[in-house]
Each structure stands twice: as C-alpha cells, then as structure tokens.
Amino acid sequence: MLKNKKTILVIAIVLALVGVFIWILLSGEAETKTDPTQPTGNLVTFDGSTITEEQNGKTAWSVSAEQIKVNPKTKEIYLTNMKGTFYDGDKTLVVTAPRGYMSGDHNKMQLAGGVKGTNGADVELTTESISFDINEKLTSETPFTFSNSDAVVTGDQLEADTVLNKVMAKGHAKLVKK
C-alpha cells in the first residue's frame with residue numbers, strides 16, 4: 001500500500017513538472033506587439049534638432065524634437081518629445097507627442113504616447129497614437145477627440161487629411177454640436 005502511494009506521488013510530481021514546462025513554453029511564445037516608436041539598432045543621436053521636407057519649393061512639413069535618433073543603415077528616425085508642423089497651402093496642423101518614428105523614406109510617421117494637435121485657431125485633436133502618410137492622410141487606430149468651433153467628435157478610429165480639414169470618425173462615433 002505504501003508503494004502505491006509513492007508511485008502516485010511520483011506520477012503527480014512528474015505531471016506537475018510537465019504542466020509547468022508546457023506553461024512556460026506557451027507563455028514564452030505569446031506574440032508581443034512592438035511599438036515602432038521605440039528605437040532599435042545602432043543609432044546616431046542628435047539633441048535639439050529639426051528635420052524639414054520641402055515639395056515644389058514650399059515647406060511640406062517640419063519636425064523638431066528634444067532628441068532625434070537615426071539608424072544610419074535604414075535611415076529610420078526616432079523622435080523624443082517632438083513637435084511636428086504639417087502644411088497644406090495656407091493651412092497648418094501642429095502636433096506634439098512624447099515619441100515619434102519616421103520611416104526611412106520619410107513618407108510615413110507614427111506618433112505615440114499621447115498626441116495633441118491644433119491648427120492654432122479652433123481645431124484640436126487628442127488621441128493616444130496617430131499615423132501620418134506625409135503626403136496624403138493621417139489615421140488613428142486609438143480612441144480620439146476632435147473639436148472645432150462647431151462640434152466635438154469622438155470615436156474609436158480617425159481618418160483625416162494632414163491638416164484636419166476633412167475628418168472621418170469610425171467605430172462608436174459621436175458628434176455633439178456646440
């Protein structure tokens with residue numbers, strides 16, 4: 001009888017160890033979503049810098065940051081405490097964010113950590129993160145609040161032109177007139 005108890009105890013311990021081993025393997029494979037605004041690779045750092053892009057002889061956008069890190073191989077840019085100004089004719093949008101990332105071709109930018117934007121007059125935008133296709137549109141996959149002199153719009157996702165002239169709310173959108 002004592003031998004049966006020892007055998008059962010050994011089997012229970014082995015099963016427990018196998019269970020712990022399987023749990024460790026499965027939890028280690030969990031896909032982690034990476035934040036593209038976090039720097040990777042061997043980087044060159046600049047403090048207090050500005051990057052400007054011109055198109056057809058006019059400034060299309062400019063970005064300044066407390067710290068800019070550049071990956072020399074990929075030309076990807078990482079921004080810390082950044083301010084970006086985007087131009088469309090005589091209209092502008094100024095955005096600020098704790099973190100930013102710009103693709104190597106400088107056509108796509110992602111801002112994160114609590115983004116705030118304004119046109120300097122009556123338009124304001126707040127969201128957790130936002131993506132700019134520099135020449136076409138901006139999108140946010142996180143809840144946002146947009147306000148102007150006429151209304152306040154909230155929603156789960158946002159799509160707009162680069163200076164917030166045209167704004168489209170997606171998912172649980174709500175409009176409140178002022």
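This is a predicted model: local features need pLDDT of at least 70, side-chain atom pairs count only at pLDDT 80 or more; totals for chains, interfaces and linings use all residues.

Reader: How many bridges join β4 to β5, and how do the strands run?

Author: β4 covers residues 91–102 and β5 covers residues 108–118. The two strands run antiparallel, and the bridges that join them number 7.

Reader: Which residue in the turn between β4 and β5 has a positive phi?

Author: β4 and β5 form a hairpin. Between them lie 5 residues. The turn residue with a positive phi, about 65 degrees, is H106.

Reader: Which residue of β6 is the bridge partner of L111?

Author: β5 also pairs with β6, residues 124–133, through 9 bridges. These strands run antiparallel. In β6, the partner of L111 is I130.

Reader: Which residue takes a positive phi in the hairpin of β5 and β6?

Author: This hairpin has 5 residues between its strands. The phi in question is near 85 degrees, and the residue is G120.

Reader: What is the pattern of the protein chain along the sequence?

Author: The secondary structure comes to 1 helix and 12 strands. Read along the sequence, the pattern is α-β-β-β-β-β-β-β-β-β-β-β-β.

Reader: Which element gives the largest share of the largest nonpolar core?

Author: The core holds 29 residues, and M82, M109, L111, I130, F132, L138 and L164 touch the most other members. Elements that give two or more residues include β2 (58–70), β3 (77–88), β4, β5 and β6. The largest share is 5 residues, and it comes from β2.

Reader: Which residues is I130 in contact with, leaving aside its neighbours within four places in sequence?

Author: I130 belongs to the core and is one of the residues that touch the most other members. Leaving aside neighbours within four places in sequence, its contacts are M109, Q110, L111, V115, L125, L138, T139, S140 and L158.

Reader: Why does D156 count as partly exposed?

Author: D156 is found in the loop between β9 (151–155) and β10. D156 counts as partly exposed because its relative accessibility is 30%.

Reader: How far apart in space are D156 and F144, C-alpha to C-alpha?

Author: D156 is in contact with F144, and P143 and K170 are also among its contacts beyond four places in sequence. D156 and F144 are 12 residues apart in sequence. In space, C-alpha to C-alpha, the distance is 6.5 Å.

Terms used
Residues are numbered from 1 along each chain as its sequence is written. Side-chain values use heavy atoms; hydrogens and water are left out. Two strands pair if DSSP finds at least two bridges between them. Helices (H or I, at least four residues) and strands (E, at least two) are DSSP runs, numbered from the N terminus. A nonpolar core is a set of buried Ala, Val, Leu, Ile, Met, Phe, Trp, Tyr and Cys residues joined through side-chain atoms within 4.5 Å. Buried means under 20% relative accessible area, exposed over 50%, partly exposed in between (1.4 Å probe, protein chains only). Contact means heavy atoms within 4.5 Å.
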